[in-house]
Amino acid sequence: MRGAVAAVLAVALAAAGAAGAGAARETRPPLYSAGVAGSAFGPDAFRITLPPDASGSYLPGTSLLADAPLPGPGDLLPTGAYPVVPRTAPVDHAALADATRAWLAAGTVPGRTDAEREVATRALLDLALLTDPNGASVASPFGPWHLVWPRDASWHAVAFAATGHPDQARAILRFLTRVQDDDGTWVSRYRPDGTPVRDGRARQLDAVGWVPWALWSWWQAASDRDRPARDTAALREFWTMLRRAADAAVGSLTDTGLPRPSSDYWEQRETRPTIGIAAPLLLGLRSAAALAADLGEPDAQRRWGAAASRLATAIEARFGATGYRRHPVAGAGPDSAVTFLAAPLAPLDAAAVTAAVRRTEAELRMPSGGLRPGNIPRVGDVAWTPATALFALAAAGRGDEESFAGWFEWLASHRTGFGAFPEKVANDGSPASVAPLGWTSAIVLLALATRDGTVGPPPT
């Protein structure tokens, strides 16, 4: 971390619904819930780990544990990836709580009801937990999830922008700009210090779509201070990154109009184009063209706009012919990425996409009531909260209040005891895998903001 570092509390949390068999519990990774007085809130860092059966609650409007003794130097345990800083003075609990609440108040907590705003508040604070001052926004604070996926980080930035926290959004964009390769692409993961993780995992081409979308979202939502009239200096900072990413997207398109095969959020090697790559690239090219127009770059605007039109035509012809399945071939399976073609990520102008979204919902439903991403044998038959949240977002985008409420209530009721979204939900309804997961937090925040009318797609 650079400069002021986060004041962190972490508490191990046993999975809710402990009635499951002991053997089943042993096969699951431990669940964690973390607390933070985020990267903007305090100059000190400390970390404690409580027993796995710990319970408790946060101080209202914060991620500081209530009724928990503050640690002394001898109590600090070097667990997880956050640094441990020896304490020389007591932590000012009240000051950290005030700073956290002031940060929330400076933005907008989406939601129409107290229950919705409670979920949104915890999601925002969890995103603050995951985002370092240098803009590294990790998937989750623990173990192999304590890495930056450009896809997840882009969604985190969009959620910060949509809720009135442009500084955090811009910090993430600056981090992604620093780590981008010269060819415009990103590797699949980075350590929080910006070094790439080179473990043989294939690059995921969708980043060249998600990052320009994040930049467009930040630019649209930036305050007057950050986006003064006719002054594009703040946006110009990202021009080289944007140009490289958008040109990489254009260069990925084949003679069919679709991008070349690439690993996507399923994180497996592919031999065919996937909807999980094609749809984000369409979103990114549309975003890039809109940003080029704002920057007075007509040649780039025309080039990227033409590529977006070509890609949109190919998606409709090739994926549309098979019902918007994972691959543009007969017999391909369902994929939650069909939601990437629905509002608010794309204009709501295709009844066929809406029909495909509804059909995919039915195909991906698991016994817990949530949805899996698709037919991925290696991940097992359990619900994934990001996949489920994407259908809440699509429901909000098409104005389907009943469907939105159903998915939102499912997500809210399957959080951990500390209110964090786990990555997965077991078939018995208990949280599984790591928590909090930032991608789910970001999608839920955007779903609420979309339902409230503050999020829309880039122009075509």
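Which residue stands opposite Lys424 in strand 4? It is Trp384. Before I continue, please note that this is a predicted model, in which local features need pLDDT of at least 70 and side-chain atom pairs count only at pLDDT 80 or more, while totals for chains, interfaces and linings use all residues. Residues are numbered from 1 along each chain as its sequence is written, and side-chain values use heavy atoms, with hydrogens and water left out.

Let me stay with the sheet. Helices (H or I, at least four residues) and strands (E, at least two) are DSSP runs, numbered from the N terminus. Two strands count as paired if DSSP finds at least two bridges between them. In general, strands of a sheet pair through backbone hydrogen bonds, either parallel or antiparallel. Here, three strands make an open sheet in the order 3-4-5, with antiparallel pairing. Strand 3 (383–384) and strand 5 (431–432) are the edge strands, each pairing on one side only. Between strand 3 and strand 4 (residues 424–425), the antiparallel pairing runs over two bridges.

I turn now to the helices. Axes are lines fitted to C-alpha atoms, for helices over the stretch in contact, and angles run from 0 to 180 degrees between N-to-C directions. Angles under 35 degrees count as roughly parallel, over 145 as roughly antiparallel, 65 to 115 as roughly perpendicular, and the rest as oblique. A crossing is left-handed if the near helix is turned anticlockwise from the far one by less than a right angle, and right-handed if clockwise.

Helix 6 (residues 207–221) packs with helix 9 (residues 275–294) at an angle of about 40°, their axes being 7 Å apart. That angle makes helix 6 oblique to helix 9, and the crossing is left-handed. Helix 6 also packs with helix 4 (residues 150–162), at about 10° and with the axes 9 Å apart. Helix 4 and helix 6 are therefore roughly parallel to each other; their crossing, too, is left-handed. Within helix 6 lies Leu215, which counts as buried (under 20% relative accessible area, against over 50% for exposed and partly exposed in between, with a 1.4 Å probe and protein chains only), at 0% relative accessibility. Leu215 and Ile172 are 43 residues apart in sequence, and their C-alpha atoms are 9.8 Å apart in space.

Finally, the aromatic residues. Rings of Phe, Tyr and Trp (its six-membered ring) pair if their centres lie within 6.5 Å; planes under 30 degrees apart count as stacked, over 60 as edge-to-face and the rest as tilted. The structure holds twelve such pairs. One of them joins Trp239 and Trp304, tilted at 45° between the planes and 5.7 Å centre to centre. This pair links distant parts of the chain, with Trp239 in helix 8 (residues 239–252) and Trp304 in helix 10 (residues 298–319), 65 residues apart. Trp239 is buried at 14% relative accessible area, and Trp304 is buried at 0%.

A charge sits over a ring if NZ of Lys or CZ of Arg is within 6 Å of the ring centre and within 35 degrees of the ring normal. The charged end of Arg236 sits over the ring of Trp239, 5.6 Å from its centre. Arg151 lies over the face of Trp439, at 5.6 Å from the ring centre. Trp439 in turn belongs to a cluster linked by ring pairs, together with Trp155, Trp210, Trp213, Tyr265 and Phe340.
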